[in-house]
Amino acid sequence: MTTKGVFTEIGGFCPNCGSILPPLKEKGGVTCYTCARNFAFDVFKGYKVKYTVHFNSREKFKSKDDKKRKEEEDEEEGTFVDRKCPKCGNEKMSYATVQLRSADEGQTEVVTGTTPVIILLILYQQQPQILLLKEGTDTSQGKPQLISNINACQSIVDAVRTTLGPRGMDKLIVDKSGKATISNDGATIMKLLDVVHPAAKSLVDIAKSQDAEVGDGTTSVVLLAGEFLKQIKPYVEEGVHPRIIIKAVRRSLQLCLEKISELAIKINKANAGEFQSLLQKCAATAMSSKLIHQQRDFFSKMVVDAVLHLDELLPLNMIGIKKVQGGALEDSMLVAGVAFKKTFSYAGFEMQPKVYHNCKIALLNIELELKAERDNAEIRVDTVKEYQKIVDAEWNILYQKLQKIHESGANVVLSKLPIGDVATQYFADRDMFCAGRVLEEDLKRTLKACGGAVMTTVHDLNESVLGKCDYFEERQIGGERFNFFKGCPNAKTCTMILRGGAEQFLEETERSLHDAIMIVRRTIKNDAVVAGGGAIEMELSRMLRDYSRTIAGKEQLLIGAIAKALEIIPRQLCDNAGFDATNILNKLRQKHAQGNCWYGVDINKEDISDNLEACVWEPAIVKVNALTAATEATCLILSVDETIKNQKSGDAPPAMGRGMGRPM
Ligand SMILES: Nc1ncnc2c1ncn2[C@@H]1O[C@H](COP(=O)(O)OP(=O)(O)OP(=O)(O)O)[C@@H](O)[C@H]1O
Ligand SMILES: [Mg+2]
């Protein structure tokens, strides 16, 4: 039975009109002075009432025994006595502890309070209760809920707002284990933020989906969704039904997508040189907002070369990225083939040759090491000879394996499992190269690039399962040694070896390159570009505003709100660069009204410029995806009007009565 809420909330007030009740007179019950309603003893119907009357002052009791005796004396049945309440000191109120026993169920409950409260409690308990949710479940609903969700999303947006654009700031995030990450990438920041608010989580999800789908534009998508919600909030507060808003938002999206496909500039793939330089421009735009923007020309060339190395499907995992601390960013290099860090190796390794031409590669998942079987087997031997036999058997097994590998004709042996010192020397004697404990992803990439198969036994090892490549070498890069496989016949693959200072810097470089690689892949697949720097957003905003003026009703205002929201991208670009956003936006509005659809923010001159000419190009798919995802998130958040949070069993807060637990 839930009693606490009633107990604390409405103690001593008439349940009918809410005014203060007079003291309860013996069996006559209590009559409210204001509404003249009598709360007689019939409210106790169905309950057997037993109560103890408490006295006001403790000093009256000389000793504990005295107190106990007194309490026993006062335990009467069926009467309420007017006394001073020990809590509030109110003389007129009777204060009692009542034991309620339900007539039919035989349950008892002890409650304490002034007599009117007891009456209310009983009244309350006699009402049939419909329990829908577990005790401790927190529900909040309606318009306040919607507004609170929108506010939560705003705080998320504020966290990433300043990272947008070439002049955006970076964030340093330290996680629970103390690992620091410096990033400008929206998706990375959102992932690390560890958001708990259920509605705000949907923004994290759209950032992640944008990252997976197109790689870039993750900050923009969060910003757009947040701004859509912000501009729509006044209409929600005024009571416009969410369904009407959702309809208008969806209509705006449809118009925007139509406009983008109409405006987007198709790429001419016929001219390879031109195509390549266009891809480089897209990659450079994606990187211009990152830490490595100074080297964006260097890296955009590298990224485009890397992607063009791949086959038509452009598999992302065929571009390996390896980081080697030390050196300058410009020392980074692209290797046409597979490269990975030299694995741990035993003595004898130095005698192995380090360069091969036309090499054959055995890819294994076999341990080539003598096992210390003593640890996990018990063998009883009586003579030294027998012991020797066991040792010999083990060596023989290993030698048989090694011989089979040698006979297969392989000259490079890679294994996922360790290759011990005996095997290393065996291979060295036969001018073979070996590497044990190769990472699975590297082994897979070698497999895909060089062909062959990963073998788990040496019995079927022959020419046909060996991988092939034109050139193999082991080389020193910075403080590390690297194994290079070049001229791989099967799959087209490449590896970027990044050089640079701090570890966090290298990690951020890798993330930025990932964005750029994704952008280049997307541009090759969906050959259409638009101008960035807020140009496309301004044009969409103008188009929506013009359209909204042609329609009547609430939709006009709502589509107008979306048009305003789209301006957040150029506005934020200006804000982050320290420009006068209002001034620049006014100039942009004027240009777009005159039909110059590619005018956007010029980050270098604190002005506006034709960003198509300025080569700030972005694939149209980035914008299409960002707008779609932002609209989806907006509609999702708008369509939620109730949150029901179920407490984990065990840590439920004290039960609350009705009317409580609704955060407004
Ligand atoms: N040279 C430039 N001049 C003007 N605007 C630019 C320039 N380069 C990029 N931009 C704009 O900056 C915005 C991209 O900023 P940023 O890369 O920080 O965020 P994002 O791409 O949305 O998210 P993320 O890269 O974190 O996934 C785009 O709107 C783009 O048009
Ligand atoms: Mg970007």
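I begin with strand E12 (residues 333–335), which runs antiparallel to strand E20 and is joined to it by 3 bridges. Two strands pair if DSSP finds at least two bridges between them. Within this pairing, Met333 stands opposite Ile497 in E20.

A word on the origin of the values. This is a predicted model, in which local features need pLDDT of at least 70 and side-chain atom pairs count only at pLDDT 80 or more, while totals for chains, interfaces and linings use all residues. Residues are numbered from 1 along each chain as its sequence is written, chains are lettered from A and ligands numbered from 1 in the order in which they are written, and side-chain values use heavy atoms, with hydrogens and water left out.

Let me stay with E20. Strand E11 (residues 319–325) pairs with E20 in the parallel sense over 7 bridges, and Val324 stands opposite Arg499 in E20. How many of the residues of strand E20 are buried? For E20 (residues 494–500) the count is 7 of the 7, so the strand is largely enclosed by the rest of the structure. Buried means under 20% relative accessible area, exposed means over 50%, and partly exposed lies in between (1.4 Å probe, protein chains only). In a regular strand the side chains alternate between the two faces of the sheet. In E20, Cys494, Met496, Leu498 and Gly500 point one way, Thr495, Ile497 and Arg499 point the other way, and all are buried.

Next, an open sheet. Three strands form it in the order E10-E21-E24, with antiparallel pairing. Strand E10 (265–266) and strand E24 (617–619) stand at the edges, each with a single partner strand, so one side of each is left without a neighbour in the sheet. Strand E21 (residues 528–531) is joined to E24 by 3 bridges, and Val530 has Glu618 as its bridge partner in E24.

I turn to the helices. Thr446 lies in helix H13 (residues 440–450) and is buried, with a relative accessible area of 0%. Leaving aside neighbours within four places in sequence, the contacts of Thr446 are Val338, Phe340, Leu363, Leu414, Gly451 and Phe485; contact means heavy atoms within 4.5 Å.

Helix H11 (residues 384–407) contains Tyr387. At 1.5 Å a residue, the 24 residues of H11 should span 34 Å, and the end C-alpha atoms are 34 Å apart, which agrees; the expected span is 1.5 Å times one less than the number of residues. Which residues of H11 are buried? They are Leu398, Leu402 and Ile405, and their cover includes strand E14 (355–364), strand E15 (412–415) and helix H12 (421–429). Just after H11, Gly409 takes a positive phi of about 95°.

Tyr387, by contrast, is partly exposed, with a relative accessible area of 47%.

Finally, the whole chain. There are 19 helices and 25 strands, and 48% of the 664 residues count as buried. Among contacts between residues at least 6 apart in sequence, 72% join residues at least 24 apart. The chain exposes about 32,600 Å², of which carbon and sulfur atoms supply 50%; accessible areas come from the Shrake-Rupley method with a 1.4 Å probe, and for residues only the protein chains shown count as cover.

Conventions: Helices (H or I, at least four residues) and strands (E, at least two) are DSSP runs, numbered from the N terminus.
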